[in-house]
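Good morning, and thank you for coming.

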Amino acid sequence: MNDAHFRIFYHCDIFTADDARPYADCMILKDGVIQWVGPRREMPPVEGEAVDLKGRRVIPGFVDAHMHPVMLADFRKQITAMPPEICSIEDLVQAIRNRRAVQQPGQWIEGWGYDEHSFAEQRPLTRYDLDRGCSDAPVSILRTCAHIRCVNSMALRLAGIDRNTPDPQGGEIERDETGEPTGVLKENARNLIAPLLPVLDEEAQVDNLVELGKVLSAQGVTAVCDMGTLDGKDCFPIYEKAAAKGFRQQAGLYYMWDFFSQAPGFVWDGARAQRDRQIFTAGLKLISDGSVSGRTAWMDAPYEGSEEAYGISVCDDRLLDSAVSFCKAHGCQLSLHAMGTRAIARMVDRVCGETPWTPAGIPYVRIEHATKPSRDSVEKAAAKGIPFVTQPVFLYAESKSYVDNLGPERTRQCYPIRQWRKAGVPVAFSTDAPATFWATPSDPIPGLKLAVTRRAYDGTDCGLDEAVDMETAIRLYTREAAAAAGFPRRGVLAPGYFGDFLVLSGDILTADPETLEQIRVEETYINGDRVYQRAEAAQK
């Protein structure tokens, strides 16, 4: 048959992530959908455009099942408070001075990504450090985990925060030995600043997101979940406008229930929730605790150096129950942020008594991060098919924070991926970008490297017996991530699936894991269209 709509991709090594036929060297697409995959010698008699992929490795496009694209797109315009740009508090102070030099008095200075464990000074950031950078304008620097914010003295004054301000429910205003706020606002306390922060106009956010979409394409990311912002804005219109201007990834959006549970006029739009759309609403997101690196994840044992610090339980029962009720009423997915052992147990115990309420093929609940669950929580999640959507890049990039806060042995016990899979828990990979301490937080390669080596970037042992092979790691970043998020017909290169795939510069399946950074995405296809081609590859 001769049909101009057929495209035949051949002369390549395809890893399909499909158990029925994991390997092939030829693939036929029509109108962006895969029609056939297999050995070229068995190709059906179809004629169309033939594309020679020149013997390169092909894998499915990465599905980042947990990130914050709108936040990341906007943050890229702020001070990036992490290596290689900033390696010390003094570097950050100077960066603030530099930013103030090109701004007006009173104009907010914002930054993101700091981790006190990685500062050369090896101490926490405080308002007084930020004051040295700028005292005549408010300054806010978000920690890498996005659960903690450090602000300067002017920002505290604008927010009316002083020694007499009580801690909000589920949050902490850190104070020094005299009772004065240090400028560090943890968990829900960070939201005390949110109403004062400048808001980008929608056109700027749309343009930022389009720009980020190009970065994601270059990294091989073909579908994303947006797990919400810190200001409670409905980002659906931003995505729709960005898609009209060239944003190509499919995106499932989650509403942060902390904000939207009280939002006047908020209703669930069933038309937006249709998953055959490029942009769709997927469900609600609820935060139950904090982060390990920020010592706010709710653990079952105290953090190193303390007998009382177990972390923070953020949401109350009323908010949790209302989220469950809303999702049941609308048949949408519930995403539960839970890092610490106690937080995971609380969330899993609450939802395991429910009858699944989502359509077939879409998990009714997903647990985000799942740093250190108990055996009981693992068994319950497995029995109910509740996926753990986790981020191997955390250990890769933040091992020092984990070792400092949990100790070496507990660090090695974090994110036991092999144990989870053996127990039958669905597992998906993601980055949580920008909430991780890495200069290119949305890049899948560091997470893949940790998954197959269980060594951090500095060589720290992160539990070597929990390493998985590369084929498994890719499946968790493609097929399983799509399944956890409920992306229809993505993550696998098989008939009936969309033609989302990557052409790589090297064979990621056989490469030395220590050299994974040398493998580049040379071409990215979404729905059969090439949306990215590396300049060097175009010249071959």
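**Aromatic rings**

Tyr255 is buried, with a relative accessible area of 6%; buried means under 20% relative accessible area, exposed over 50%, and partly exposed in between, with a 1.4 Å probe and protein chains only. Please note that this is a predicted model, in which local features need pLDDT of at least 70 and side-chain atom pairs count only at pLDDT 80 or more, whereas totals for chains, interfaces and linings use all residues. Residues are numbered from 1 along each chain as its sequence is written, and side-chain values use heavy atoms, with hydrogens and water left out.

Phe260 is also buried, at 8% relative accessibility. The structure holds 24 aromatic pairs; rings of Phe, Tyr and Trp (its six-membered ring) pair if their centres lie within 6.5 Å, and planes under 30 degrees apart count as stacked, over 60 as edge-to-face and the rest as tilted. Tyr255 and Phe260 form an edge-to-face pair, with 4.8 Å centre to centre and 75 degrees between the planes.

Arg342 lies over the face of Tyr310, at 4.6 Å from the ring centre, and Arg489 over the face of Phe498, at 4.3 Å.

**The strands**

Strands (E, at least two residues) and helices (H or I, at least four) are DSSP runs, numbered from the N terminus. Which way do the side chains of strand 9 point? Ile148 and Cys150 point one way, Arg149 and Val151 the other, and all are buried. In a regular strand the side chains alternate between the two faces of the sheet.

Two strands pair if DSSP finds at least two bridges between them. Strand 8 and strand 9 run antiparallel and are joined by three bridges, with Ile141 standing opposite Cys150. These two strands form a hairpin with four residues between them, and Ala146 in the turn has a positive phi of about 65 degrees. Strand 9 also pairs with strand 11 (residues 181–187), in the antiparallel sense over three bridges; here Arg149 stands opposite Leu185.

Technical notes. Lys NZ or Arg CZ within 6 Å of the ring centre and 35° of its normal.
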